[in-house]
Amino acid sequence: MLTDQRQDDVHRLWDELADFEAGQADLAARRLMARLCDMVGAWNATWGGAIRLDDRSGDEDPLQGWRVAVTRLLHPIEALPEEGPFKDLRLRWNRREIDP
């Protein structure tokens with residue numbers, strides 16, 4: 001359960017994010033990740049954006065058209081988001097391999 005202070009922090013964060021323009025998505029994502037790290041005492045965060053493609057494949061697509069479009073790390077680590085586990089995750093999603 002959220003304390004009153006933590007709930008106020010979350011509301012303030014939403015207000016801050018709402019102030020970003022549509023073209024400032026990267027800045028907003030960085031602000032979100034940094035603030036969430038501060039709130040929970042984490043040293044890093046990952047943000048992922050997804051898109052939903054026109055789903056005309058019916059039951060043949062277990063992801064129902066959803067695909068990972070972008071991933072971002074607040075503090076990049078050895079493997080870039082386009083490599084390592086992120087690359088593998090994207091490949092599995094694009095092949096429609098899912099892990100329930």
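How much accessible surface does the protein chain have, and what share of that surface belongs to carbon and sulfur atoms? The accessible surface comes to about 7700 Å². Carbon and sulfur atoms hold 53% of it.

## The chain at a glance

This is a predicted model. The protein chain has 100 residues, and 22% of them count as buried. Along the sequence they come in the pattern α-α-β-β-α.

Contacts also tell how the chain folds back on itself. Take the contacts between residues at least 6 apart in sequence. Of these, 41% join residues at least 24 apart.

## Confidence

The average pLDDT of the protein chain is 83. A score of at least 70 is reached by 81% of the residues. Among the elements, helix H2 has the highest mean pLDDT, at 94. Helix H3, residues 84-94, has the lowest, at 71. Where pLDDT is low, the predicted coordinates should not be read in detail.

## Helix H1

Helix H1 covers residues 4-18, which is 15 residues. From first C-alpha to last it reaches 21 Å, close to the 21 Å expected at 1.5 Å a residue. Its buried residues are Asp9, Leu13 and Leu17. These three lie on the same side of H1, because they cover an arc of only 70 degrees around the axis. An α-helix has 3.6 residues a turn, so residues three or four places apart point the same way.

What do the buried residues of H1 pack against? Their partner is helix H2, residues 25-40.

## Leu13 in detail

Leu13 belongs to helix H1. Is Leu13 buried or exposed? Leu13 is buried, because its relative accessible area is 5%, below the 20% cut-off.

Neighbours within four places in sequence can be set aside. Leu13 is then in contact with Leu32, Arg35, Leu36 and Met39. Leu32 stands 19 residues from Leu13 along the chain. Their C-alpha atoms are separated by 7.4 Å.

## Helix H2

Helix H2 has 16 residues. It reaches 22 Å from its first C-alpha to its last, close to the 22 Å expected at 1.5 Å a residue. The buried residues of H2 are Ala28, Ala29, Met33, Arg35, Cys37 and Met39.

Which elements do the buried residues of H2 pack against? They pack against H1, strand S1 (46-52) and strand S2. After H2 comes Gly41. The phi of Gly41 is positive, near 75 degrees.

## Salt bridges

How many salt bridges are there? The count comes to four. One of them joins the side chains of Arg12 and Asp9, at 2.6 Å from N to O. Arg12 and Asp9 are three residues apart in helix H1, so about one helical turn separates them. Arg12 counts as partly exposed, at 39% relative accessibility. Asp9 counts as buried, at 17%.

Another salt bridge brings together Arg35 and Glu16, also at 2.6 Å from N to O. This pair links distant parts of the chain. Arg35 is in helix H2 and Glu16 in helix H1, 19 residues apart. Arg35 is buried, with a relative accessible area of 17%. Glu16 is partly exposed, at 22% relative accessibility. Glu16 and Arg35 also belong to a network of salt bridges, together with Arg31.

## A link from H2 to S2

Which residue forms a salt bridge with Asp26? The partner is Arg72, and the closest N and O atoms are 3.6 Å apart. Here too the pair links distant parts of the chain. Asp26 is in helix H2, and Arg72 is in strand S2, residues 66-73. They are 46 residues apart.

Asp26 counts as partly exposed, at 47% relative accessibility. Arg72 counts as partly exposed as well, at 31%.

Terms used
Residues numbered from 1 in each chain as written. Predicted model: local features only at pLDDT ≥ 70, side-chain atom pairs only at ≥ 80, totals over all residues. Heavy atoms only, no water. Helix = DSSP H or I, 4+ residues; strand = E, 2+ residues; numbered from the N terminus. Buried < 20%, exposed > 50% of the residue type's maximum accessible area, 1.4 Å probe, protein only. Contact = heavy atoms within 4.5 Å. Areas by Shrake-Rupley, 256 points an atom, 1.4 Å probe, with all protein chains shown as cover. Expected span 1.5 Å × (residues − 1). Arc of directions from axis to C-beta. pLDDT = per-residue confidence, 0-100.
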